[in-house]
Amino acid sequence: MRPVRRLRHGAERIAAGDLGTRLHAEGHDELAALIRSFNAMADTLERDDAELRRMEAGARRFAADVAHELRTPLAAMAAVTEVLDEDAASGVLPADTADAVRLISEETRGLVRMVEDLMEVSRFDARTAPVHAQDADLRTIVAKTLQLRGWAGDERVRADLPEEVYVHADPRRLDVILANLVGNALRHGRPPVAVAVGARDGRAVVTVTDHGPGIPDDVLPHVFERFYKGDTARTRSESSGLGLSIAYENALLHDGTLTAGNSPEGGAVFTLTLPLAAHPQEQP
């Protein structure tokens, strides 16, 4: 039974990801032939895995290179469309031309956002995304995010910030997470959107809850996947399909978690957890 046990142990190592596992075959009986077949299977798996990794790395480099090359011409296009927008708003252009200019401007801005998102994703993949962490009150970061985007006085967004919750984090990256979650709730849920900050089980917790129909069960496992859109009929939108994925990656950079679910009362709930600051000191 020793050869059988070796095969079992070898299969367990293969299943655990050790594709370099090989077994020594002794003799010419059926068990030896089985071990040789096992080794041939492991060879094939290792080659296929290497090829898939090579193709994946190539696809990531291609996306990063394309995004990098598009930045310069898009910056020029954005500058031109800003001038044309002013002409369209002032009535200098004929009505039909003004409508065309607004359409081109909107599409250009969408392309600029997508390219910036692709650049950020490429930094995550290359593990070069910078994190400039500092001790900060999470309530302040949430309040600034809402204020910068005009949501602070918006009756559609309600903030519950009852107590100080200090985290050691990059405020810019937390702003990206929060802006994505609140913006997503406003686009795909139903107001009011509630943003709550607190501490639980030694972690800082931010929840973003809307009052829409919630996330379908078949969509829930995929909401943080890149380019995934739950509504297959919504083939065109202002979203790149990368917002929630970028928010998720930013949470991981802070040793945090970001999860999606549905409230018992209805509506989607996104929960961000972050480590509390070890020795909180309010920033000037």
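This is a predicted model: local features need pLDDT of at least 70, side-chain atom pairs count only at pLDDT 80 or more; totals for chains, interfaces and linings use all residues.
Local features rest on pLDDT of at least 70 and side-chain atom pairs on pLDDT 80 or more, whereas totals for chains, interfaces and linings use all residues. Residues are numbered from 1 along each chain as its sequence is written, and side-chain values use heavy atoms, with hydrogens and water left out.

Five strands form an open sheet in the order β2-β4-β5-β7-β6, and their pairing is mixed. Strands here are DSSP runs of E with at least two residues, helices are runs of H or I with at least four residues, and both are numbered from the N terminus; two strands pair if DSSP finds at least two bridges between them. The edges are taken by β2 (157-160) and β6 (257-262), each of which pairs on one side only. Direction ignored, neighbouring strands of this sheet are turned by 15 degrees against each other on average. Axes are lines fitted to C-alpha atoms, for helices over the stretch in contact, and angles run from 0 to 180 degrees between N-to-C directions.

Strand β7 (residues 268-275) pairs with β6 in the antiparallel sense over six bridges, and with β5 through seven bridges, again antiparallel. Two positions illustrate these pairings: Thr259 stands opposite Thr271 in β7, while Val208 has Phe270 of β7 as its bridge partner. Seven of the eight residues of β7 are buried, so the strand is mostly covered; buried means under 20% relative accessible area, exposed over 50%, and partly exposed in between, with a 1.4 Å probe and protein chains only. The hairpin of β6 and β7 has five residues between the strands, and Gly266 takes a positive phi near 105 degrees there.

The helices come next. Helix α4 (residues 138-148) lies across β2, β4 (193-200), β5 (203-209) and β7, and runs at about 165 degrees to β4. Elsewhere, helix α1 (residues 2-15) packs against helix α2 (residues 30-90) at an angle of about 10 degrees, with the axes 11 Å apart. That angle makes α1 roughly parallel to α2 (under 35 degrees counts as roughly parallel, over 145 as roughly antiparallel, 65 to 115 as roughly perpendicular and the rest as oblique). Pro3, Val4, Arg6, Leu7, Gly10, Ala11 and Ile14 of α1 meet Leu31, Leu34, Ile35, Phe38, Ala42 and Leu45 of α2, where contact means heavy atoms within 4.5 Å. By class, this contact has 11 nonpolar, one polar and one charged residues; Ala, Val, Leu, Ile, Met, Phe, Trp, Tyr, Cys and Pro count as nonpolar, Asp, Glu, Lys and Arg as charged, and the others, Gly among them, as polar.

The structure holds two aromatic pairs, with rings of Phe, Tyr and Trp (its six-membered ring) pairing if their centres lie within 6.5 Å, and planes under 30 degrees apart counted as stacked, over 60 as edge-to-face and the rest as tilted. Phe224 and Phe270 form an edge-to-face pair, 6.1 Å centre to centre and with 80 degrees between the planes. This pair links distant parts of the chain, as Phe224 lies in the loop between β5 and α6 (243-253) and Phe270 lies in strand β7, 46 residues apart. Phe224, Tyr248 and Phe270 form one aromatic cluster, in which Phe270 is buried at a relative accessible area of 6%.

Arg173 belongs to helix α5 (residues 171-188) and counts as buried because its relative accessibility is 1%. Neighbours within four places in sequence aside, Arg173 is in contact with Glu120, Phe124, Ala129, Pro130, Val131, Asn250, Leu253 and His254.

Pro191 and Pro192 are joined by a cis peptide bond with omega of about 0 degrees, and Pro192 sits in the loop between α5 and β4. Arg127, a residue other than glycine, has a positive phi near 60 degrees; Arg127 lies in the loop between α3 (95-125) and β1 (134-137) and counts as exposed at 76% relative accessibility. Asp255 is not a glycine either, yet has a positive phi of about 55 degrees. Asp255 is found in the loop between α6 and β6 and is exposed, with a relative accessible area of 60%.
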